[in-house]
Structure formats: structure tokens, C-alpha cells
Amino acid sequence: MASIGLINYATFMGTMIGIYGILALGLNVQWGVTGLFNAGIAGFFAVGAYLSALLTAPPSPERIMGWELPVAFGWLGAMAGAALIAWPIGRICLRFRSDYLAIATIGVAEVIRLVLRTEESLSGGARGITGVPRPFGGFEYSLSQFAYFALVIAVLLLVYWALERQLAAPWGRMMKAIRDNEQAAAAMGKDIAKRRLEAFVLGAAVMGLAGALYVHFMRAITPEAIDPMISTFLVWIMLILGGSGNNRGAILGAVIVWLIWSMSEFVTDQLPADVATQAKYIRVFLIGLMLQLILRFRPEGLLPEESGQRTSYRSPPSSR
Amino acid sequence: MKKKILASLAALTLGGMLTNVPVMAQNAKVAYLVGITGPIAGLAPTMVQSMKFAAEQVNTQGGIGKGGKIDYSVYDSGCNPQLATDAATKAVNINGAIGMVGPSCSGEVIAVANSVTVPAGVLLITSSGTSPKISTLDDKDLVFRTVPSDDYQGRALARTLKAHGTDKVAMTYLNNDYGLGLAEAFSDEFKKLGGTITASRAHEDKKPSYRSDLAELAKGGADTLVIFAYGNSSGLTIVRQAMENGFFKNFIGADGMRDESVIKALGDENLKNYLVSAPVGATGAGFEKFSKEFKAAGGDPNGTFAATSYDASFLMALAIEKAGGDKAKLSKALREVGSGQGEAILPGEWAKAKQLIAEGKPLHYLGASGDLHFDEHGDVAGNYALYKVSGNAFVEVEKIK
């Protein structure tokens, strides 16, 4: 029991870490590399999740679509949908400076969440969408979990590889130049607005993919899953803790935050029964404390951005 | 730095796991998933307390099997599917729970059932997930609930109204899953029976005025308004403004409108035509016994979901005892104790139940929240009555079905 159970639990955590890792990678493109303060991750996550669910789930009389397409179409659709939504938002909001952009994106995410919550014919309203297929979902419990875990990790690695290539290319250096000194980059003839929009849309597409991976894992989506706490701020903490500007940092942040989030409950359960219930709040506290400590003692994150040449690991981190 | 963090993390992990090694083989492991943090944090303490209370009663009256106990652990599901599935995975795989009470919110129940408990073959009884979607889950008969689906009350109310000769109503509902669930069920059933809904409008909470909504609603010519909202909030405003402006004569509501603040604010002399449906679990012999004992143990028996949580926890224990602790037989055993046949067991009568099970005699559980008889979806029908205003209180007019 124990060993199989441990494996099942580890697989579950691995899958969630994979999904959050992809979200953090998407945010890294926007914030880490380009300096766009997107506080509306939940919105793009939601668009991806709902769109993939609508494309692949069986039809239901109370809402639109339900096309029962293969899951791959759902994933591609999720990326395309999130990118499509991000484009007009970016066109309008990216002209704001960072803190105003944050407010605008929070607003957009809330609008998306409320639309999904209330437009019954679109999203199933407060009850959400059920019956979403999971690849390898027909297998026995442990095997199905493991197969999906492997799939998520494969997607994570693929996204990581693609983003690494993209950031190592001149495009990545240009984005960092825009982030660090907008005027200088503009003076070099770079089209700032267009480039920032590219990064915003790319990051949103990656977040949409994470949403799709999530919905097929849970086989259902309800508006509670796109709560800003769990799908925006947790991702921010992951990226800041792991090290923004560094893709491996983003993934490491996802690993650490999720492990603490999930495993701290084992520790608090060792406390006497009278306080064990109250102690459930400790994990929220631990995440906050961790963020404070990181910001105080290591503001660049655990794995800081590699500056300049990709080989110079020992060079000091760039200041922000 | 990185290594240090990883090392301390590993130590923390191992420490946590080693201390979670199973204690005794014959103990029955049960997980209670409650949204301790998150939006229903206010309701959670009472729910946890009543679940634990049921387990303690079982353990002090002979426990499970021969000398075993209900070995429960409480998990925080956060009213959020990500956290709930995480907690459920821990409960099922690390703790080795064979049954689960909770999680609390409907969205969580759906996610946990879909991705954890049903694939793992673990019985789940929720005490507070009311979404009609839970009924239709493909659950291999492993998902049950002790709280009625929102669907049921809406339909019962529609049938009663129609039977009383009301054919034409206007309807307004609060735009959340509570209001929507009731409104859909009501209008579906009402139309099926040949009634007409002249107008139907969702409304948002906490607006100062609903006069424009009411004017629209009144256009259809119905003199009865059905309101699915809360009587201490938008429901009260709507009734007051409808009366002031003479939009409607009769007002019908569901349990959310059974709120004494309506009587206080409007006066009983104005509420002659105000009828509400509400659960009657709070009157039966089961509830009285539970109420007395739970109060003595320092709990609040009238707390939201206190009775249903107690029942879910107690039923889980009954099913485990009946199945002899065999995980695969739990669902069938739960069906047997929730079949409505055999000798009645009241809350807290564990010793008696244990005796009957040992003798192989049929029994059924007459719970704190009413007679728990599961239908084919694993839902309970719920016991509702129609109430009218008399003096400063709501009094029962009749039972509704």
C-alpha cells in the first residue's frame, strides 16, 4: 500500500507541478524576459481550460459547442484561443506602464472569470463543464495518473526547450534590451509596442496550454478553479522565488512552492488535534514567509537570470 | 543555498511521511475534507466538529469491528479544486483512507470524484455539495451526498404551487449557483406541468433598487412573484419594493427567503401572501437527539451543514461496519443502510447499530437531517415543507413533495 500510494501521490504532485511549471514559464516570458507585469494569469489559464473543455467534451443542452474533438485539438485550440484573447488586451493595455498594466490585467482576468461564471450558455455557469476526456483516462487509476504525468512532463520539457531556443535567439536578447532600457532599444530602431505584444501573446498562449492540461487532468472545470489566489498569485510566487528571467528558475519555483503547499499539511497534522484544524492556515503563512525571506535575502530568486553570454554562469546577476 | 533548501525540504517531507505510517490494521481510515481555508471558512469549523463528533461517538460505543476505531484525518480542501484534489490524493494514497466525507463545495466534489476517488475506488459522501451536476457524474456508484440537490427543492415547490392552482408566475433569482439551480429546476417542472412563467430575470446582489427589474417582471400580468434569493439581502429589497409599488400580490420563496429579517423589516400583517419552502430536517426525532447531544458536546446543531456533516460521517461509519472494513463493498453497504428499510437507527445509536449489523439484521439510518434514503444517483430527497408567516415566526403549512 504505502509504496504504491507514495508513487500515486508523487505522480499527482508531479502533474500539478508540471502544469504550474508551464504557467510559470508563460509568466517568465512576460515578466522575466519582457518586464510586463501581468496580474491576470488566471484569465488566460481560464480561457485555455474552458476552450479545451468545450472542444473535447460531449455536447450538453445547456451550453454551446461540445464537439468531442481529439484532445490535441483542444490543446491547440486552447493556445490559439488564449493568444487571440491576449492580442486585443495587449493592444490596449501594453501602453500602460508596469503598475497600471497590472491593474488592467487584474481587471481583464476578473471580467473573464465573471463572464465564465455567469454566461451559462457559454461555460455552464457556476456549475462548469464536466465529462472532459483525459488522455489515457481509461486505464486503471495508478497507470492513468502516471501516463498523464508523463505526458505533462513531456509538454513541459517541450515548452521549456522551445522557450529556451526562443530566448537564446536574437529575439530573446532584444526583449531583454527592451525590458532593461526601453529608450535605448527604441533608439536602436526596435518597435517596442509590437515586440512587447509578441511576448505578451506568446506568454498567454503558454498559459492557455497550462489551462488545457489542467482541465483534462481534472476532467472538469468550475469557476472555483480560476480563483486569482490559486491561479495568479501562486504562480507569481513561484516565479519570483525560483528566479524570474530564468526558465529553470520558473520550474524550480513551481516545484518548491507546490511541495510546500501540499506537504506542509503532513507536518501540521502532527500537531495536537485541538490546533490541527487552525494549523491548516500555516501553509498560507509559510508561502508568505518564504516570499518575504527570498525578497529580503535573495531578491533575484534561487536561480537568478543568466546575464549576457549564456555560458557565464559565474557572472553577477543583473540588477532590476 | 539551493542544496540546503533541497535538503531541508527532503527532511521535512520524510519526517512528515514517516510519522504517517498506519497505526493499527483493524482501524478504519476515513478522510474528512473540509474547506477550512477559503470562501466557506466560516462554516468549516462546525462541519469539522460535527464530523469528528460522529466519529467519537462511534469510537466510544464499541468502534469498528473487533476493537478497531474510526481513524479520521481532517484535510483542508480550500473550496478549490486544485487544493481539494491534492488533499484527496494525500488522503487516499498516503493516509490510505477507504472512505471520504466531503469535500465541501460542488466544484471540488466534481474534480475530486473525477480525478481521485472514483478512479481509486474510494467511497465519497459530501455533506454540502448541492449542484445538480453531482447527480449525473459517471461515478460507479461511489459518490453520495447527505444534502439534497438544489434541483429537488425547486421541483417540489413548482409542483406544490401548481397543485394550489397557481398557473402564472413571474420569477427572479440571484445570479449564483444557488439561485440559478433553483430557478432552473422550478421553471422546468412548472412548465412541464402546464404552468406559464411570464417573465424570468436574474438579478445581482446588493443593489439599492430593483424597481426596473420589477417593472419588467410585472409586464407579463402575473400577480405571483417567485424569488430565489436571500431574505436578508436582495430578496428583502425586492419584496419591499414590489409591495410599495404594487407590482405583485403573492410572494413565493425557497429556503433562502425563510429569514426572520423579512418579518422584522416588513411586519407580519403585510406578509399574508408570503410563502416559503424550506427543509424540515430540523424537526424530526433524529435531529432532536443529535441536537441535544451535539449541544452538550459544545457544538451548534443549527449551524449550516452541521446535521448533514454529522450524518455523512455517521453513515460512513455504518457502511464500514456493514462492509466489514472492505473498501470494495462500501458502496453496496451504504446503499443498504440508506435504503429506508429495517430498524431505524437514530444519531448516536452506534451500539445498537453495531449489534444489529452483527446479527445480520437490516437497519436504516434516520439521521439528524432527516430520513436518509438514497436514490439511484446517490442523492437524498430532502424533506421540505411550505411555511407561512404567523406572528413573528414561520409556521409550517404543509409538507411538500
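Q: How many residue pairs are in polar contact between chain B and chain A?

A: A polar contact is a pair of N or O atoms within 3.5 Å, where one must be able to donate a hydrogen and the other to accept it, and residues adjacent in sequence count only if both atoms are side-chain atoms. Here 14 residue pairs between chain B and chain A qualify, both residues at pLDDT 80 or more. This is a predicted model, so local features need pLDDT of at least 70 and side-chain atom pairs count only at pLDDT 80 or more, while totals for chains, interfaces and linings use all residues. Residues are numbered from 1 along each chain as its sequence is written, chains are lettered from A and ligands numbered from 1 in the order written, and side-chain values use heavy atoms, leaving out hydrogens and water.

Q: And how many salt bridges are there between chain B and chain A?

A: Look for a side-chain nitrogen of Lys or Arg within 4 Å of a carboxyl oxygen of Asp or Glu. The count between these chains is two, including the one that joins A:Arg283 and B:Asp76 (3.1 Å, N to O).

Q: What area do chain B and chain A bury between them?

A: The size of an interface is often given as the accessible area lost when the parts come together. With a 1.4 Å probe and the loss summed over both parts, chain B and chain A bury about 4500 Å², 63% of it on carbon and sulfur atoms. On the chain B side, B:Gln82, B:Asn93 and B:Lys133 lose the most area to chain A, together 15% of what that side buries.

Technical notes
Buried area = accessible area lost by both parts, 1.4 Å probe.
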